[in-house]
Amino acid sequence: MALVRSLLGAKNILGAATSKRAASASPPKGFLAVYVGEIQKKRYVVPISYLSQPSFQALLNKSEEEFGFNHPMGGLTIPCPEDTFIAVTSRLQ
């Protein structure tokens, strides 16, 4: 039950974009857009404070090692499974 509550909280904080309008909008101040997924990328808006978290940095470093600095979507691209991203970020709250 706590895991479900944690994952639901993570989805709310992450603010997954579901419309074209939301996907093209700039993130609010203090947040940044990241695109997550192995094949089809989904846009999430996360607090910039995540950048200082060791587990989020590890996720970014792994992406850099495998894919370099290519970010064609206009935001950070993290080519990992979406559930992995949600599991990592749900622990950052």
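Which residue takes a positive phi in the hairpin of β1 and β2? In this predicted model, it is Gly 37, with a phi near 145 degrees, and the hairpin has 5 residues between the strands. Helices (H or I, at least four residues) and strands (E, at least two) are DSSP runs, numbered from the N terminus.

Before we walk on, a few ground rules. Residues count from 1 along each chain as its sequence is written, and side-chain values use heavy atoms, with hydrogens and water left out. Because the model is predicted, local features need pLDDT of at least 70 and side-chain atom pairs count only at pLDDT 80 or more, while totals for chains, interfaces and linings use all residues.

Let's start with the sheet. It is open, with 3 strands in the order β2-β1-β3 and mixed pairing; two strands pair if DSSP finds at least two bridges between them. At the edges are β2 (42-47) and β3 (76-78), each pairing on one side only. Neighbouring strands are turned by 35 degrees against each other on average, direction ignored.

Strand β1 (residues 31-36) pairs with β2 in the antiparallel sense over 6 bridges. Along that pairing, Leu 32 has Val 46 as its bridge partner, and Val 34 has Tyr 44. With β3, β1 pairs in the parallel sense over 3 bridges, and here Tyr 35 stands opposite Thr 77.

Tyr 44 and Phe 85 form a tilted aromatic pair, 5.2 Å centre to centre with 45 degrees between the planes. Ring centres of a pair lie within 6.5 Å; planes under 30 degrees apart count as stacked, over 60 as edge-to-face and the rest as tilted. Because Tyr 44 lies in β2 and Phe 85 in α4, the pair ties together parts 41 residues apart in sequence.

Finally, confidence: pLDDT, the predictor's per-residue score from 0 to 100, is highest in β2, at a mean of 92, and lowest in helix α1 (residues 2-14), at 46. Where pLDDT is low, the predicted coordinates should not be read in detail.

Note on methods:
Axes fitted to C-alpha atoms, helices over the stretch in contact; angles between N-to-C directions. Phe/Tyr/Trp six-rings, centres within 6.5 Å; stacked < 30°, edge-to-face > 60°.
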